[in-house]
Each structure stands twice: as structure tokens, then as C-alpha cells.
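Visitor: I am new to this structure and would like to understand the words used to describe it. Could you show it to me and take my questions one by one?

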Amino acid sequence: MVGWWRRRAGRGSGAAAGGADDGPVRGAAREAALDELIRAAYEEGAPIPEELAAEAARAGDVRAMTVYGIGLGNRGAVKEAEEWLRRARVAGDRMAALALGTLYMDRGEFAAAERYFRPVAETGHVGARQALAELKALRETEARNTPPPSRPEPVRPPAESAPASVPPAASPTEWAARQLLLHPDDDHHPHVLMAMAVLKAEEGDAAGARAYVTGALASGDPEVLFWVSRMHVAQDGLHGAREHIRRAADAGHTTSQHTMGVLLTEEGDTARAEHYYRLAADAGHTDSYVNLGVLLRGRGDLDGAETCYRRAIEAGDSAGMNNLGNLLRQRGDLAGAERWWREAADAGETDALVSYGAVLAERGDWDAAEPLWRRAAEAGHAAARLNLVGALARTGRMEEAERWLRSVDTDTDAAAPLPSGSHGAPPPDGPAVDDQPVGPDLAAVADWLGGPARAGDADARAALDLLDGEQGTG
């Protein structure tokens, strides 16, 4: 773990800088003693006087070059540090590559950092893989904080998104590494205590982990409470960890506030859910803007919902674009709805792919609609699969159409009812094409769809309604 290693080695190099050796040792004995000091510093992060690290580095010891370079970097001599680390890296030292990558990452030069991290990660090195994961998270954070390009007018697609589940976060070890980098000289910082608890738990030292957790919890720090809730989620499930999530939310942790909104929405307590969503949204949590918009639209507050969706869109959220399209359609602004659906489809939002494809099909442009539905169908979208079946049947590709129909049946049997509002309904069929097959056997299709429709799947219910209409006119 690059962050953890830097913390330990950095302390040894920095704390002992200018110190003296334990006494005069001559010849081979002195060389052996120095070699052991370098080994301990390199492998264990043990303290070593800077002048001894420099002596061994100048004598050609690659490990010493890395130790010396890290020590120089930690006391601010970055240019000289880079020179020594590059020498070690050229000699094949992976730790030097990680240290160089970390220097670039800390400066925000992410592309350069990746050039050092990736070759090491591709050898299977755990620390390098974790460094790449941290680099990815930093890039995503930077992207979220960069204002989106101005648009003439916000636009996006259909089917109300269900409340999002807990957003992805860094793994515990990634978070721990980051905290040790951020607080290199504060052993009593609550984040450092929690990071040490994570590392102790990973090593299997349950007693040590508990001791560190106890110290971290005493601070009441929101981030600590969040990671404690994550541990309980892993052990007891989301609902079993509810009280721990609430504590973190009430302490001001944004992700936990969003999660409490999700849990309360599922319980039907929309008033309290709104409270937590607003707290998280005010802190910039994009998913909370989307979910708050869903909640407000359900109450009939279209103006409030539109404001939420547009704020989510400003942060680059494609679900907000999709939901704004739905809202504009509800208001009769079909041109505005189509524009947002098209933009959301371009961003890969599966509901939008279905909806924009439906718009194209209604205009008779089935060739353009089919690839959109296929993308969404391959991502598992049930309505997209049903729409794709219709597009395939129109051109006589019955064998492939039946495969997609069977995949809908298999998925719905395995997954039970889908959350209401999670997908858009299939679009109405376009005009019939003369001399083309009319499609799969409608009775068989109805039989496939009957089970999920009775289980509450709105997509299947809508498809059955369409089939009933076709059978009545056939």
C-alpha cells in the first residue's frame, strides 16, 4: 500500500534526519550493519539517519536510493528526491515507481502518476492497484468539481428513476491509505485511528482494531461514524446498520444523509426522507438532488422537481437528464423532453436509450432506434429487450427475437418484481410494414410476460396491454 509505506518510511527518514550512527563500525561489519539499516527502512519503514541513507544510495544500493528519495521528498526537497527515485526506478525498483507516482498524484499530475503506477500494477502489486484506484477516485472528484460545458438549454429522458442505493465509495483500505497520507504526523487524529483500525482488521488483529475503533469513535467525527456504519452494513446488511447510518447522517456525513433518505423513502416516511435528501443535496450530493426531485414530483410539485433535476444535470448527472425529460413530457413539452432524452442516451443512461429509441420508432426510424434498444437490452433493461424484439420481428429475424424474449422471462423469474418506476414502458408500435412478418406468436409472448406482470413488473404489464390491443385488432 503506497500511502501506508510512505507514511512509515517518511517518518523514519524525516525524524532521524541529521542523527548519528550508533558508533564507529569498520569494514565488513559496518557494511553489514548499514545494509541491515537499509533493509529495515525499505521493508519495514524503520528509522534511519538521512546521512546513512545518502551514503548507501551514493554507493549504488537501489533500496537506499528509494529510501533516501522518499526521505528527501518528505522534507520538501522534491527535485532532488525525484532524481534519486528515478535512478532507483530505472534500476527496476517498484517502490521507487510508486513513490514517484505518488509525488505526481499529490501535485495533481494524474496522467504522469498513472505512467508510474500502471506498469507496477500490471505485475499484480497490491499497493500499485490501490494507488490506481485512488487515482481514479481523485480524477472522478476533479471531474465532478469541474463546471460542465454550457448548453443552450438542459435536456434529458424518460421513466422516473427509483431512489438510488448507497453510492459507491472507496474501499476501506483505500480510504485508510489516503488518511495516512493526509495526516502523516498526527497519530491521534480520528481518521488516523480509524485507518489503523482498518489496517489491523485486514491483518486479522481484531483486538487491535477494536482498540483503535474505540478511540476513533470517542471523537464523534462524521467520517469515522460513516466507516463504522460501513462495517455494520457489511456484517448486518443495510437495514441492520440503520441506526449507525443515522448517527453518521446526524453528525453531518453527506453520503449517510443520502442513505437515510433512501431508507426512509422505502419505509414510506417521505417527510423525514426529504429532510435528509435536502441536507445531502445542500452539500452537493447529486443523487440526493435526483431522489428529492422524484419525491417532489410524486407530490405534484413539478417546479420543485424541475429545480432538483436541473441542479443534478449541472453536476453532469444523466439520471437527472432522464427524469427532466419525463417531467417535460408530463408538461406537454415534447420537444424539450426529446432533447433531454437524446442527451441522456448519449451519456449511456439506459432508460433514456429506451425512450429516445421510442421517439425515433414513432417517427418510423426503426434503423436508428434498434441500436439504442440493443445497448440498453445488453445492459439488462427489460423494456429495451421487449422493444428490441419488436424491431427484430419487423425484419423477420425471428430466431434472435425469441432469444431476447426468453432472456426477459429468465431475468424476471430470477430477479422477482422490479422496483416501481425503475424503467420506462415500451413505446407503442410504429406503423405496420407491408409484406413483413407480424412478429413472434403473440400468445407465447403473453405467456412469457404474464408471470412478471402479475408480480408487479410495470414494463411487463405495459407490454401485455400493447399485446392485448394487437390481438384485439388482429
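Predicted model: local features only at pLDDT ≥ 70, side-chain atom pairs only at ≥ 80, totals over all residues.

Visitor: What makes a stretch a helix, and how many helices are in the protein chain?

Guide: Helices are DSSP runs of H or I with at least four residues, strands are runs of E with at least two, and both are numbered from the N terminus. The protein chain has 25 helices and zero strands.

Visitor: Why is Met194 called buried?

Guide: Buried means under 20% relative accessible area, while exposed means over 50% and partly exposed lies in between, with a 1.4 Å probe and protein chains only. Met194, which lies in helix H10 (residues 190-202), has a relative accessible area of 0% and is therefore buried. Of the 474 residues of the protein chain, 48% count as buried.

Visitor: Which residues does Met194 touch, not counting residues up to four places away in sequence?

Guide: Contact means heavy atoms within 4.5 Å, and, with those sequence neighbours not counted, Met194 touches Trp175, Val213, Ala216, Val224, Trp227, Val228 and Met231. The C-alpha atoms of Met194 and Thr214, which are 20 residues apart along the chain, are separated by 9.0 Å.

Visitor: How do you know that the buried residues of H13 are on the same side of the helix?

Guide: The buried residues of helix H13 (residues 242-250) are Ile245, Ala248 and Ala249. They cover an arc of only 100 degrees around the axis, which puts them on the same side of H13; the arc is that of the directions from the helix axis to the C-beta atoms. Among what covers these buried residues are helix H12 (222-240), helix H14 (254-267) and helix H15 (270-282).

Visitor: Why is H12 called roughly antiparallel to H13?

Guide: The axes of H12 and H13 come within 7 Å and cross at roughly 160 degrees, where axes are lines fitted to C-alpha atoms, for helices over the stretch in contact, and angles run from 0 to 180 degrees between N-to-C directions. That makes H12 roughly antiparallel to H13, since angles under 35 degrees count as roughly parallel, over 145 as roughly antiparallel, 65 to 115 as roughly perpendicular and the rest as oblique. The contact residues include Leu225, Phe226 and Val228 of H12 and Ile245 and Ala248 of H13.

Visitor: What makes H5 and H6 oblique to each other?

Guide: The axes of H5 and helix H6 (residues 94-106) come within 8 Å and cross at roughly 140 degrees, and H5 and H6 are therefore oblique to each other. In their contact, Glu82, Leu85, Arg86, Ala88 and Arg89 in H5 meet Ala96, Ala97, Ala99, Leu100, Leu103 and Tyr104 in H6.

Visitor: How do you know whether Glu82 is buried or exposed?

Guide: Glu82, which lies in helix H5 (residues 78-90), has a relative accessible area of 10% and is therefore buried. Leaving aside its neighbours within four places in sequence, Glu82 is in contact with Leu100, Leu103, Tyr104 and Arg107.

Terms used
Residues numbered from 1 in each chain as written. Heavy atoms only, no water.
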